[in-house]
Amino acid sequence: MALLARHGAASNPAAFEDAQGFGPTHAGSGRMEAFEGLGRDWVFPSISYKFHACCHGLHAMLESIRQIKDAGCDPAAIEQITVTTNPRWFAVCNKSEPQTGLEAKFSYRLTAAMALLGINTADLAVYSDATCRREDLIALRDRVSVVGDPTLADTASRVVVDMLDGSTRSADHDLAVPNDPEETALRLKAKSATLLGDGRMGALWQAVSELNGGPGGVTRLAGALAGAD
């Protein structure tokens with residue numbers, strides 16, 4: 001953080017308690033007492049992974065669409081897509097007509113269209129202004145409706161795809177449900193490779209795997225992060 005500040009990065013003084021701050025927008029509650037042990041208590045009750053290079057609020061939807069795609073779904077034959085999510089995400093990642101790559105990372109409608117058209121949402125490079133202007137994406141984006149269901153966990157989403165022939169495809173996903181460890185490893189490697197390249201990804205993965213081996217593992221991790229051989 002000090003290095004960021006030195007280079008001119010600024011932050012909101014109310015970053016924790018502001019309406020769009022870390023507290024209200026994370027963990028679904030904004031209970032400020034969670035920060036009472038900040039700097040003293042270090043507890044990570046669980047680990048979650050981002051398989052997509054966009055807002056975490058979109059991930060359950062994208063995982064649902066992944067199931068639908070794997071089962072077979074021709075984008076050209078889609079009439080309507082309905083995404084159901086916890087309404088707390090509406091103020092975070094529900095930009096209906098994103099115009100920039102940054103806004104694309106916070107759009108249910110556009111990322112749904114991207115996933116259905118086979119765009120790799122784990123690749124940071126696909127979130128661009130040009131992507132927002134693609135006519136095929138806009139056409140499919142405009143068939144996506146986002147509805148709220150407060151009874152749905154904020155880690156879950158449900159997607160229903162109505163086809164032109166009258167049939168439907170549907171799936172739901174809850175990020176709180178553990179993934180298969182082997183599949184998780186494969187997907188993390190694939191996402192990391194899009195950012196680092198296969199060589200650096202492999203070195204970093206190996207170094208992380210050896211962290212329990214003592215100081216040598218930490219040294220190799222530092223080298224991998226720095227891009228060393």
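Predicted model: local features only at pLDDT ≥ 70, side-chain atom pairs only at ≥ 80, totals over all residues.
Residues are numbered from 1 along each chain as its sequence is written, and side-chain values use heavy atoms, with hydrogens and water left out.

Trainee: How many helices and strands does the chain have?
Mentor: Helices (H or I, at least four residues) and strands (E, at least two) are DSSP runs, numbered from the N terminus. On that basis the chain has eleven helices and four strands.

Trainee: What percentage of the residues of the chain count as buried?
Mentor: Buried means under 20% relative accessible area, exposed over 50%, and partly exposed in between, with a 1.4 Å probe and protein chains only. The chain has 229 residues, and the buried share is 33%.

Trainee: What is the volume of the second largest pocket?
Mentor: On a 1 Å grid over the protein atoms alone, a cavity is a set of points where a 1.4 Å probe fits but cannot get out, and a pocket is an open set with protein on both sides within 12 Å along at least five of seven lines. Grid points are joined across faces, edges and corners, and a volume is the space filled by probe spheres set on the points. For the second largest pocket, this gives about 300 Å³.

Trainee: Which helix gives the most to the lining of the second largest pocket?
Mentor: Lining residues have an atom within 4 Å of a point, and the second largest pocket has 14 of them, with His 52, Arg 66, Asn 120, Thr 121 and Arg 187 nearest its centre. Helix 3 (59-71) and helix 9 (181-196) each supply at least two lining residues. With four residues, the top contributor is helix 3.

Trainee: How many charged residues are in that lining?
Mentor: Ala, Val, Leu, Ile, Met, Phe, Trp, Tyr, Cys and Pro count as nonpolar, Asp, Glu, Lys and Arg as charged, and the others, Gly among them, as polar. The lining of the second largest pocket has seven nonpolar and four polar residues, and its charged residues number three.

Trainee: What span does helix 9 reach from its first C-alpha to its last?
Mentor: The expected span of a helix is 1.5 Å times one less than its number of residues. Helix 9 has 16 residues, and the expected value is 22 Å. The model is close to that, at 22 Å.

Trainee: Which residue caps the N-terminal end of helix 9?
Mentor: A polar contact is a pair of N or O atoms within 3.5 Å; within protein, one must be able to donate a hydrogen and the other to accept it, and residues adjacent in sequence count only if both atoms are side-chain atoms. Here a side-chain oxygen lies 3.2 Å from the backbone nitrogen of Glu 182, and the oxygen belongs to Asp 180.

Trainee: Which residues of helix 9 are buried, and what covers them?
Mentor: The buried residues are Thr 184, Arg 187, Leu 188, Lys 191 and Ala 193. Their cover includes helix 3 and helix 10 (198-209).

Trainee: Is Ala 113 buried or exposed?
Mentor: Ala 113 is found in helix 6 (residues 108-116), where nine of the nine residues are buried. Because its relative accessibility is 0%, Ala 113 counts as buried.

Trainee: Which residues does Thr 84 contact beyond four places in sequence?
Mentor: Thr 84 is in strand 1 (residues 78-85) and counts as buried because its relative accessibility is 9%. Its contacts are Val 147, Asp 149, Leu 152, Ser 157 and Arg 158.

Trainee: Which backbone nitrogen lies 2.9 Å from a polar side-chain atom of Asn 86?
Mentor: Asn 86 is in the loop between strand 1 and helix 4 (90-93), and at 12% relative accessibility Asn 86 counts as buried. Beyond four places in sequence, Asn 86 touches Asp 149, Pro 150, Leu 152, Ala 153 and Asp 154. The nitrogen in question is that of Arg 88.

Trainee: How far apart are the C-alpha atoms of Gly 72 and Arg 169?
Mentor: Gly 72 lies in the loop between helix 3 and strand 1 and, at 33% relative accessibility, counts as partly exposed. Gly 72 and Arg 169 are 97 residues apart along the chain, and their C-alpha separation is 8.9 Å.

Key. Contact = heavy atoms within 4.5 Å.
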